[in-house]
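Hi there,

Here is the structure I promised to pass on.

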Amino acid sequence: MNRRDFSKHILMLGIGVNAGSAKGSKGRTKNQLRNYYEEPAKKLPVREFDVAIAGAGTAGVVAALAAARRGAKTALIEAKGYPGGTVVEGGTALHSFYNLWKAFPGVKKRQVVRGIPQEIIGRLARAGGTTGHAEMSKGYDFDSVCTAIDTELYKLVTFEMLDEAGVFICVNTLLTGAIKEGSRIKGVITESRSGREAIYAKSFVDCTAYGDLSAFAGAKYTEPNDYAVCNSIGVANVSMDKYYEFLKSHDAIYQQAEGRRSGKDGQIVRLQGRTVNLPAGFRDQSRKIGMSTVTTTVHDNYFMFIKLNLRMPVSPTNRDEVAKAELELRRRQAKAIELFREYVPGCEKAFIARTSPRLNIRRGRLITCDYDIKLSDVLEGRHFDDDVMAYGFHDSAPRLQIKNGGTYGIPYRALRVAGIGNLLVAGMMITSDHDAHMSTRNTVSCMGQGQAAGTAAALCADKNCGTRELSYTHLRKTLEKDNVYFES
Ligand SMILES: Cc1cc2nc3c(=O)[nH]c(=O)nc-3n(C[C@H](O)[C@H](O)[C@H](O)COP(=O)(O)OP(=O)(O)OC[C@H]3O[C@@H](n4cnc5c(N)ncnc54)[C@H](O)[C@@H]3O)c2cc1C
């Protein structure tokens, strides 16, 4: 193998040619790649399914439920020990099941994402694991509702739902490769403590957030690296009411929502501070560690998410740069706790109750699909002749928002991976335009995309056809029957 092939191969492995040689971390062992070991060929045991879904995160859980409930024999492959993905590790609340009606006087309140995503919230509510769709009383030009969740109950409830639907759930299982046959995927390779296996299926859905399956299958992609990475923490032994008093005393309340908290309705469940009004020590230090003042909660004495952000010099598919970022983020988490203890009454004995197993990012690889949703599609509230859902939230509101508090459509073609006959994607790996992605990547959109992709994959498997041969009329009718909303 010549030098150029060597570099290319290393990039495909996501390692990076300078792996281990970067300066700056005292004591970090340098370990440059110099050589190759040729793996001997090996026979792998094969399991066969109708549909295989990679990633049991925000979109993948819904995709698997949709596929299995359509009667498809469905496998779900997840690297961690639980389902949920970024929804239980990333941000503040689920955005948004509704249109932005409050910011547009006279516009009707409408729930625009229903179906399986709403069913999950209903189950979670019965388990005491959500604020419900809590209405914003301040900052409602950003969103009209805020749906906060108990992250641990979300993992349990979705796990149970997958089990009840008969999904073959492979947790603690890493998807490590794709087996191609022409322009179709024949199977995927997985690794777990039970060993390496091949999973064959008729249709595949990539919900890995980073597009691992698509990349392994040779799909085209880009990596813009245009966001900070983040490891959010859950902070316990705090007081939501006292945090409210703290922000109020500095005239710093920017966002607020009321909902169900510790079993009581009408409680404050979301707060965001105007950092500029806060005491200089807190303000300056929190900026330094990339800490956001926004939090939500389902419990009186718990902040479900405090976000610590960090800009990485390269895309987080680079393992060795990620190692440095993981360490720095944990330093920032510790510093965040010190700040809360020092400055915020009621938080003197705060501690970290949850961290994410690994850093998160708002987008890693972006997979090239048959259509790339544009910002104008979102802002103009455009609908397509192959819509698979409607969506009505934009993360940059009020700067960017959908015309007249309406909705836009996500077309089926935006979920079909270009050049591959039986692969769909759902989640944060679609939409290359940064500002359009600020809408499509939100949790509730990813969940809706999951229902669409899982349903389509099951129908394709049933008809033994590729994703481009599927009858849209059939797909649309099925989604409507399953309570998906389409109105503009
Ligand atoms: C810091 C942060 C804050 C955010 N805040 C908000 C917010 O407040 N509100 C909001 O609506 N949205 C928010 N978002 C956006 C939203 O959370 C994400 O865009 C969305 O959850 C992504 O869903 P997904 O299904 O694409 O990926 P994920 O939910 O990340 O799911 C991907 C899953 O695939 C698994 N996986 C990956 N690779 C493999 C592999 N090779 N083998 C097996 N399994 C694999 C992962 O373990 C994971 O479970 C935030 C995002 C971040 C990062």
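Predicted model: local features only at pLDDT ≥ 70, side-chain atom pairs only at ≥ 80, totals over all residues.

**The ligand site**

The shell around the ligand counts 35 residues, and Thr58, Glu78, Thr86, Arg441 and Thr443 come nearest. By class, 16 of the shell residues are polar, 13 are nonpolar and six are charged. Four elements each supply at least two residues of this shell: helix H2 (58-69), strand S7 (174-181), strand S20 (360-361) and helix H11 (443-463).

Aspartate 212 places a polar side-chain atom 2.8 Å from a nitrogen atom of the ligand. Histidine 95 uses its backbone instead, with an N or O atom 3.1 Å from a ligand oxygen. In asparagine 442, a side-chain N or O atom is 3.3 Å from an oxygen atom of the ligand. On its own the ligand has 1000 Å² of accessible area, and the protein covers 96% of that.

**Two packed helices**

How do helices H7 and H8 pack? The angle between H7 (residues 280-288) and H8 (residues 319-343) is about 170°, and their axes are 10 Å apart. The two helices are therefore roughly antiparallel to each other. On the H7 side, the contact is made by Gly281, Phe282, Gln285, Ser286 and Lys288, while H8 brings Arg332, Lys335, Leu339, Phe340 and Tyr343. Sorted by class, the residues of this contact are four nonpolar, three polar and three charged.

Best wishes

Technical notes:
Residues numbered from 1 in each chain as written. Heavy atoms only, no water. Near = heavy atom within 4 Å. Polar contact = N/O pair within 3.5 Å; in protein donor to acceptor, adjacent residues only side chain to side chain. Areas by Shrake-Rupley, 256 points an atom, 1.4 Å probe, with all protein chains shown as cover. Nonpolar A, V, L, I, M, F, W, Y, C, P; charged D, E, K, R; others polar. Axes fitted to C-alpha atoms, helices over the stretch in contact; angles between N-to-C directions. Parallel < 35°, antiparallel > 145°, perpendicular 65-115°, else oblique. Contact = heavy atoms within 4.5 Å.
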